[in-house]
Each structure stands twice: as C-alpha cells, then as structure tokens.
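Hi,

Here is the structure I said I'd pass on.

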Amino acid sequence: ASLEKRIRLVQAKASQSERAVLEITKEMKRLDCAKRHLQRTITTLKRLHMLVHAVERLRLACLLKPFPDYESASHLIDATRLLLKHFEAYTHRIEPMRLMGQKVSDIQHELRTSLRRGFRVVGFGLVKALEMEEMEDGGSSTRKKLNTTPAVTS
C-alpha cells in the first residue's frame, strides 16, 4: 500500500511537472512571437526615419543655388528608392506615405528639369534654352523658373 501510494505521488508530480513545462513552453513561444514583431517594428521605424531624413536631405540638396547638389541628390535618390520599396504596400493606403512618394517623384522631376536646363544653357545659350523650354511646355513657367527675360543674351 505504501509503495502504491508513492507511485501515485510520483505520477501526480510528473503530471504536474509536465503541465508546468507545457505552460512555460507556451509562454516562450508567445514571447518569441512578440520579440519577432517588436524587431520588425523597430526595423520598420528605423527605415521610416531614414526615409524621412533622406527625403529632407534630398529636398535641401535641390534648393542649393545657383545649382542643386547633383552628386548628393543622385545618392539620395537611390537611397529613397530603396527605402520606398519597403513601404510599397502602404503607399496606396496611407496618405502620408503616398505624399512622401509623390514628394520624391516631384523632386526627381525638378532635378531632371534643372539638369536638362543646365545642359541646354551650356550647349545652346540662355536664349535658345528658353526657347526650347517654351516649345516643350508652352512657355507658361520657363521665365519664372529661370528668373530672366527674353532680352537677356548668353
């Protein structure tokens, strides 16, 4: 009877230990999942911070006068493209992300226009460059962008 009582006691303790191990394992799995989500969130926030910072630096590089900092801008455009790829799934659903992508596109367009204008001025002179831009866009904003009048010669 004493031996049988000990066996039952050992079986009960073993069963209790098994339940405790299962509980601990379940908690560990839940913590591991939370850790993965936290790591992804931190990585996403870091990328978002880098994107915002890169877009701002790109904007500032384009504001430099008399000419934008094309070298810095080219590197920053590459960086923003890579970072924007991480947020492609959000750009259509989240307005600030869509606006960020649009801002980068607008800056790229401004850089292309500025670069094209610079080459035309060097290659053809200011007056001819103005005429070429007027033919492309109907002349609506060319003189305002260059801040000149047609009487200026190269």
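**Helix packing**

Leu48, Leu51, Val52, Val55, Glu56, Leu58, Arg59 and Cys62 of H1 touch Met97, Met100, Lys103, Val104, Ile107 and Leu111 of H4 (contact means heavy atoms within 4.5 Å; helices are DSSP runs of H or I, at least four residues, numbered from the N terminus). By class, that contact has 11 nonpolar, no polar and 3 charged residues (Ala, Val, Leu, Ile, Met, Phe, Trp, Tyr, Cys and Pro count as nonpolar, Asp, Glu, Lys and Arg as charged, the others, Gly among them, as polar).

Before going on: this is a predicted model, where local features need pLDDT of at least 70, side-chain atom pairs count only at pLDDT 80 or more, and totals for chains, interfaces and linings use all residues. Residues are numbered from 1 along each chain as its sequence is written, and side-chain values use heavy atoms, leaving out hydrogens and water.

H1 (residues 2-63) and H4 (residues 95-124) pack at about 30°, axes 11 Å apart (axes are lines fitted to C-alpha atoms, for helices over the stretch in contact, with angles from 0 to 180 degrees between N-to-C directions). They are therefore roughly parallel (under 35 degrees).

H1 also packs on H2 (residues 70-86): their axes come within 9 Å and cross at roughly 150°. That makes the pair roughly antiparallel (over 145 degrees). On the H1 side the contact includes Arg47, Met50 and Leu51, and on the H2 side Ser72, Ala73 and Leu76 are among the residues met. The classes here are 11 nonpolar, 3 polar and 2 charged.

Cheers

How values were computed. Helix = DSSP H or I, 4+ residues; strand = E, 2+ residues; numbered from the N terminus. Parallel < 35°, antiparallel > 145°, perpendicular 65-115°, else oblique.
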